[in-house]
Number of protein chains: 2
Amino acid sequence: MNAEIIAVGSELLLGQITNSNARFLSSHLAELGINVYYHTVVGDNAGRLEDVIQIAEERADLIIFTGGLGPTKDDLTKETIARHLGTTLEMNEEALESIVAFFERAGRVMTENNKKQALVLKGSEVLANHHGMAPGMLYKTEERAYILLPGPPKEMEPMFQFEAKPKLARLLNQADVILSHVLRFYGIGEAELEDRLQDLLDRQTNPTIAPLASDGEVMLRLTAKTNSEEQAWELINEAKTEILDRVGQYLYGYDNDSLASKTIELLKEQSKTISAAESLTAGLFQSELAAVAGASAVLTGGVIAYNEEMKIEQLGIAPELLKEYGVVSEETAIAMAEAVRRKFGTDIAVGLTGAAGPDAHGDQPAGTVWIGIATEDGTTAYRLQLSGMRNTNRLRAVKLALSYIIRTLTDGNARKI
Amino acid sequence: MNAEIIAVGSELLLGQITNSNARFLSSHLAELGINVYYHTVVGDNAGRLEDVIQIAEERADLIIFTGGLGPTKDDLTKETIARHLGTTLEMNEEALESIVAFFERAGRVMTENNKKQALVLKGSEVLANHHGMAPGMLYKTEERAYILLPGPPKEMEPMFQFEAKPKLARLLNQADVILSHVLRFYGIGEAELEDRLQDLLDRQTNPTIAPLASDGEVMLRLTAKTNSEEQAWELINEAKTEILDRVGQYLYGYDNDSLASKTIELLKEQSKTISAAESLTAGLFQSELAAVAGASAVLTGGVIAYNEEMKIEQLGIAPELLKEYGVVSEETAIAMAEAVRRKFGTDIAVGLTGAAGPDAHGDQPAGTVWIGIATEDGTTAYRLQLSGMRNTNRLRAVKLALSYIIRTLTDGNARKI
């Protein structure tokens with residue numbers, strides 16, 4: 001099955017928003033084994049929209065539309081498709097009720113034009129919208145299938161995933177169960193990960209293995225298609241075992257885990273608390289932890305000592321130590337971690353010092369970072385030499401610090417990455 | 001002039017990356033008054049690429065390609081265009097030298113396939129790549145113009161802006177000078193801003209006025225096209241005066257300013273220092289300031305007191321005060337700001353406390369935030385009632401705190417927004 005994704009909306013052509021929907025849909029269609037050969041973006045213009053539909057019909061047997069299902073006159077996706085396919089629109093009572101309820105919940109008066117949103121292509125399967133008003137549609141002709149989805153990602157994404165995707169899988173006569181499982185790695189590059197798994201990636205079929213990368217993290221998404229959930233997990237676990245045999249030391253979590261959420265989870269499990277003394281990251285480390293709901297159970301807080309004076313006054317670091325070894329040094333990172341651990345009375349503490357850039361810090365070039373991790377068993381320090389811009393370096397330092405803490409909490413001590 | 005943007009790259013169709021280039025180019029083309037009617041994405045496949053070129057030629061007189069200029073066999077954009085247009089590729093010596101120099105700087109050995117990157121369409125104007133290796137091209141036929149740009153945004157964006165855009169403006173027989181100036185607002189919604197400026201927006205021609213919004217900030221981009229820089233500034237300043245007469249109280253900066261960079265700039269000008277005591281934001285406020293290079297001149301650091309105990313122990317807040325008013329209260333925000341100002345000896349200090357969500361904090365619902373700002377003239381507190389998710393609320397609280405500090409530094413005291 002070959003697919004084309006058509007986004008409808010002049011705001012995309014004016015550069016006001018990015019077509020993130022195309023990426024989302026493409027990655028899910030890849031999972032289903034559907035080839036996506038084209039993305040098209042067209043404005044809110046019936047003539048041009050009909051032209052692109054015609055072109056798409058010559059090269060795709062699944063056409064997915066996003067956008068243009070709203071209440072205004074500019075929203076003309078379903079009207080244009082109905083005319084093009086020689087069918088009509090009819091009121092869908094269930095969708096109408098859901099729109100009425102939506103306005104009631106919001107305590108707002110429903111204007112007449114909102115009813116238009118409940119009109120659907122006659123003969124289509126309606127896709128419920130649980131995060132907005134306009135319903136989606138799946139419409140089949142003998143030659144091909146058309147899926148209409150709303151434009152806002154927060155409505156489109158769950159509608160595709162939970163309403164359209166299972167129907168598509170059935171349409172493909174595919175397995176009833178499609179199960180994805182994400183393995184999350186840190187401290188290994190995408191190229192090296194792919195290199196170590198090359199033969200697995202080459203012969204992947206079920207589950208498929210998709211490498212993904214962002215912000216220094218690498219993920220593998222395993223997707224199995226089969227007839228039962230049990231069987232799907234069997235297939236996934238088999239592949240997972242092979243993968244972890246080779247690169248298991250870089251794994252830090254699964255699915256929706258993040259380095260921060262995994263850290264919080266481990267601390268909670270072990271009833272441990274954490275604090276930090278931050279210099280170059282200036283609060284970013286603690287802020288990343290606090291981004292996880294429930295962080296307050298384990299994060300006490302800490303000190304941001306952005307200049308030398310505050311490292312002395314607020315953390316009690318000896319001026320002689322700073323003079324002898326420098327602010328960006330193993331000794332300072334260790335002293336910061338130990339000082340804040342004492343001061344805040346936590347089980348674990350982190351000290352972060354470095355030259356974020358663009359300038360060097362004394363004789364330490366931009367990108368040099370020292371991370372100290374203090375526990376009741378002692379303190380270990382790690383040196384990083386990063387090569388990004390200032391804020392990339394700051395974020396990398398935070399993520400690497402989190403990965404070291406995860407190792408410390410799981411192995412007893414961190415392994416150098 | 002009507003344009004179509006064609007992105008070439010299978011990774012886009014697999015959903016591995018988003019086509020952010022199309023958005024960037026569209027917003028710049030809109031400034032030039034060029035209509036963008038279509039975006040197309042196609043994979044690394046010569047046959048399908050030639051098909052989409054043919055379709056684009058029927059509906060556009062400017063076709064901009066991104067991607068497929070690199071050294072590998074998959075990169076086939078210029079080869080396909082050359083064949084399609086019946087021209088050839090030739091080695092561009094300047095580009096070749098720049099590639100050789102690139103490898104020398106990186107201390108890496110240049111493999112033979114990298115030379116391919118210096119091949120350009122015969123008869124094209126070469127667009128220099130100052131952030132990577134592959135040069136871009138502008139190629140004109142009698143009917144239309146073709147622009148070829150590299151795929152990575154960090155190479156494509158400056159190349160378009162500084163190499164291609166001026167050439168395009170000349171091609172359009174447009175003014176020699178195109179000048180943009182961005183006005184940055186905080187504390188006013190996009191809808192309200194547009195409402196107050198509706199008549200100006202309706203009759204805008206030169207400069208054009210484009211409203212943009214992101215992360216609670218609203219911007220207006222004024223773009224004048226004329227024959228001299230002086231005249232362009234005259235046109236812009238005239239419109240700017242009219243705009244600021246109506247909404248000047250929400251303006252915080254211009255062009256590349258951010259709330260954090262403006263705060264740092266004002267503090268430096270006034271030789272003042274800043275510290276913060278953070279609870280719900282847990283370091284995010286200070287981290288935003290530290291994201292600005294040179295922040296260390298004014299930011300001393302501060303305390304993250306994430307739980308009640310640390311507010312008492314580390315900041316010396318009276319337990320009775322917390323008991324009487326609660327952690328999320330005007331009194332606590334004020335006490336936090338004053339305590340950290342004393343402790344770190346700074347001119348200005350901020351206290352941030354609140355319920356980020358998803359849970360309420362005692363009787364304070366999620367989204368309630370108190371911001372205290374302490375100066376030598378006394379302390380003021382501001383209450384926010386935010387309605388976003390946990391981390392949106394945390395970021396909004398930080399941005400509003402920055403906007404209050406900017407007001408305090410410019411007006412002597414913050415105005416409630």
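Residues are numbered from 1 along each chain as its sequence is written, and chains are lettered from A, and ligands numbered from 1, in the order in which they are written. Because the model is predicted, local features require a pLDDT of at least 70 and side-chain atom pairs count only at pLDDT 80 or more, while totals for chains, interfaces and linings use all residues; side-chain values use heavy atoms, with hydrogens and water left out.

The contact, defined by heavy atoms within 4.5 Å, takes 56 residues from chain A and 56 residues from chain B. Of the interface residues of chain A, 98% are also interface residues in chain B, so the copies meet through the same surface. The two chains bury about 4,500 Å² between them, 54% of it on carbon and sulfur atoms; buried area is the accessible area (1.4 Å probe) that two parts lose on being put together, summed over both. On the side of chain A that touches chain B, at least two residues are supplied by each of several elements, including α2 (20-31), α3 (46-59), β14 (299-305) and α15 (390-411). Helices (H or I, at least four residues) and strands (E, at least two) are DSSP runs, numbered from the N terminus. The residues of this side divide into 28 nonpolar, 22 polar and six charged, where Ala, Val, Leu, Ile, Met, Phe, Trp, Tyr, Cys and Pro count as nonpolar, Asp, Glu, Lys and Arg as charged, and the others, Gly among them, as polar.

Strand pairing, which requires at least two DSSP bridges between two strands, also spans the two chains. β14(A) pairs with β14 (residues 299-305) of chain B in the antiparallel sense over five bridges, and Val303(A) has Val303(B) as its bridge partner. Within chain B, eight bridges join the antiparallel strands β16 (residues 368-375) and β17 (residues 378-385). These strands form a hairpin with two residues between them, in which Trp370(B) is bridged to Arg383(B) of β17(B).

One of the salt bridges joins Glu217(A) to Arg184(A), with the closest N and O atoms 3.5 Å apart. This pair links distant parts of the chain, 33 residues apart, Glu217(A) lying in β11 (residues 217-226) and Arg184(A) in β9 (residues 177-186).

Most residues other than glycine have a negative phi, and most peptide bonds are trans. In chain A, a cis peptide bond with omega of about 10° joins Asn206(A) and Pro207(A), the latter in the loop between α8 (198-202) and β10 (208-214). In chain B, the bond from Gly357(B) to Pro358(B) is cis, with omega near 0°, and Pro358(B) lies in the loop between β15 (348-354) and β16. Asp255(B) has a positive phi, near 45°, and is found in the loop between β12 (251-254) and α10 (259-269) of chain B.

Conventions:
A salt bridge is a side-chain nitrogen of Lys or Arg within 4 Å of a carboxyl oxygen of Asp or Glu.
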